[in-house]
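Subject: Structure handover

Hello,

Here is the structure for your files. My notes come after it.

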Amino acid sequence: MTEIVQIIGRVTRDSANKTHAQFTNLIAQPNAQDDEVEYAVNNVMKAITASLLMENVLAPNFKFRRKDNDGQKSSGTDIFVKGLAEPSTARSKQIIEQDMTELKASILQDGLIQGAISTGTDAKVINKQLIPRVIATIYPDLSNQEAEEVCQHVVADMNLTYAERDIENNQLLKMADKFINIDELNIDLIYSVNPFQRAYEIVSKNIDSETLRIISKAFDGKKYDFSEEELKLLYPQIKRFQAVKGRKPDKASGDEEEKRLAFALARLAHLAQQKGRESRG
């Protein structure tokens with residue numbers, strides 16, 4: 001991170017004769033036959049996420065606002081989004097206005113996020129489970145509502161920072177493999193997009209299949225390994241799922257978000273049984 005901060009400082013430093021600045025990160029592909037391949041894979045993911053962070057820091061700072069009527073049009077760095085939660089407290093407002101760079105850095109340095117990037121994990125899992133987990137870890141004092149407000153803004157920020165603009169009409173953004181008019185953005189659409197899809201495509205095109213398999217295996221080992229804090233975060237989502245669907249989440253589901261909730265529920269049930277045995281003993 002120290003090197004990244006230095007590079008960003010040098011790239012953005014003003015000079016009278018400076019008309020162009022560019023950084024290039026050279027990423028060595030790990031040898032899948034190497035005994036230390038997992039260490040090398042970790043370094044690759046750190047380099048890729050460091051590049052994402054540098055790109056994010058150097059991008060324009062957008063201000064996201066809730067769109068209440070069709071007369072509100074996005075312009076410049078002011079982006080209106082239908083359904084976006086406005087900060088309801090001074091605490092969530094302060095995080096959204098002042099802590100975004102540090103929060104995005106923490107998200108990109110998280111091990112599960114790095115694994116999700118390398119394996120093209122479903123957008124719902126990233127945006128509704130993994131990113132909220134990082135927010136809850138950094139800001140344990142936030143209420144569920146405050147955490148959701150922060151999450152919506154950081155997901156919007158990351159998705160729109162990496163979104164590709166149409167060359168002929170910069171009002172069009174490429175999201176989820178199709179171009180969307182910037183004035184038709186809504187929070188559900190933003191949540192349906194993997195903010196790291198482009199990074200995953202770069203990884204999958206430039207790293208051989210054996211190394212990708214090792215990366216995937218390393219991530220699968222952590223996919224359903226829940227901390228106590230993460231289980232607390234997922235429990236309300238499990239209850240909402242059961243209320244809406246009228247059933248428990250299924251481990252065999254083809255939906256990755258549901259599958260993860262099912263494994264979290266199984267872990268909670270196991271912990272409850274364990275606690276019951278201890279109390280009887």
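This is a predicted model: local features need pLDDT of at least 70, side-chain atom pairs count only at pLDDT 80 or more; totals for chains, interfaces and linings use all residues.

Residues are numbered from 1 along each chain as its sequence is written, and side-chain values use heavy atoms, with hydrogens and water left out.

Overall

The protein has twelve helices and five strands (DSSP runs numbered from the N terminus, H or I of at least four residues for helices and E of at least two for strands). Of its 281 residues, 41% are buried (buried is under 20% relative accessible area, exposed over 50%, partly exposed in between, with a 1.4 Å probe and protein chains only). The accessible surface is about 16000 Å², and carbon and sulfur atoms account for 47% of that (Shrake-Rupley method, 1.4 Å probe; for residues, only the protein chains shown count as cover). Among contacts between residues at least 6 apart in sequence, 63% join residues at least 24 apart (contact means heavy atoms within 4.5 Å).

Cores

The largest nonpolar core has 50 residues, and those touching the most other members are Ile 107, Ile 131, Ile 135, Val 154, Leu 185 and Phe 196 (a core is a set of buried Ala, Val, Leu, Ile, Met, Phe, Trp, Tyr and Cys residues joined through side-chain atoms within 4.5 Å). Helix H7, residues 144–162, gives the most to this core, with nine residues. Another core, of seven residues, lies apart from it and includes Leu 231, Ile 238, Phe 241 and Leu 261. Beyond its neighbours within four places in sequence, Ile 135 is in contact with Leu 103, Leu 142, Ala 147, Val 150, Cys 151 and Val 154.

Pocket and cavities

The largest pocket has a volume of about 980 Å³. Its lining has 32 residues, of which Lys 128, Pro 132, Glu 148, Gln 237 and Arg 240 are the closest to its centre. H11 gives the most to this lining, with eight residues. By class, the lining of the largest pocket divides into 14 nonpolar, six polar and twelve charged residues (Ala, Val, Leu, Ile, Met, Phe, Trp, Tyr, Cys and Pro count as nonpolar, Asp, Glu, Lys and Arg as charged, the others, Gly among them, as polar).

There are two cavities of 30 Å³ or more. On a 1 Å grid over the protein atoms alone, a cavity is a set of points where a 1.4 Å probe fits but cannot get out, and a pocket is an open set with protein on both sides within 12 Å along at least five of seven lines; lining residues have an atom within 4 Å of a point. Points are joined across faces, edges and corners, and a volume is the space filled by probe spheres set on them.

Single residues

His 153 is in helix H7 and is buried, because its relative accessible area is 4%. Leaving out residues up to four places away in sequence, His 153 touches Phe 64, Leu 84, Ala 85, Pro 87, Ile 96 and Met 100.

Val 11 lies in helix H1, residues 2–12, and counts as buried at 16% relative accessibility. Val 11 and Ala 21 are ten residues apart in sequence, with their C-alpha atoms 5.7 Å apart.

Lys 82 lies in strand S2, residues 78–82, and counts as partly exposed at 37% relative accessibility.

Regards
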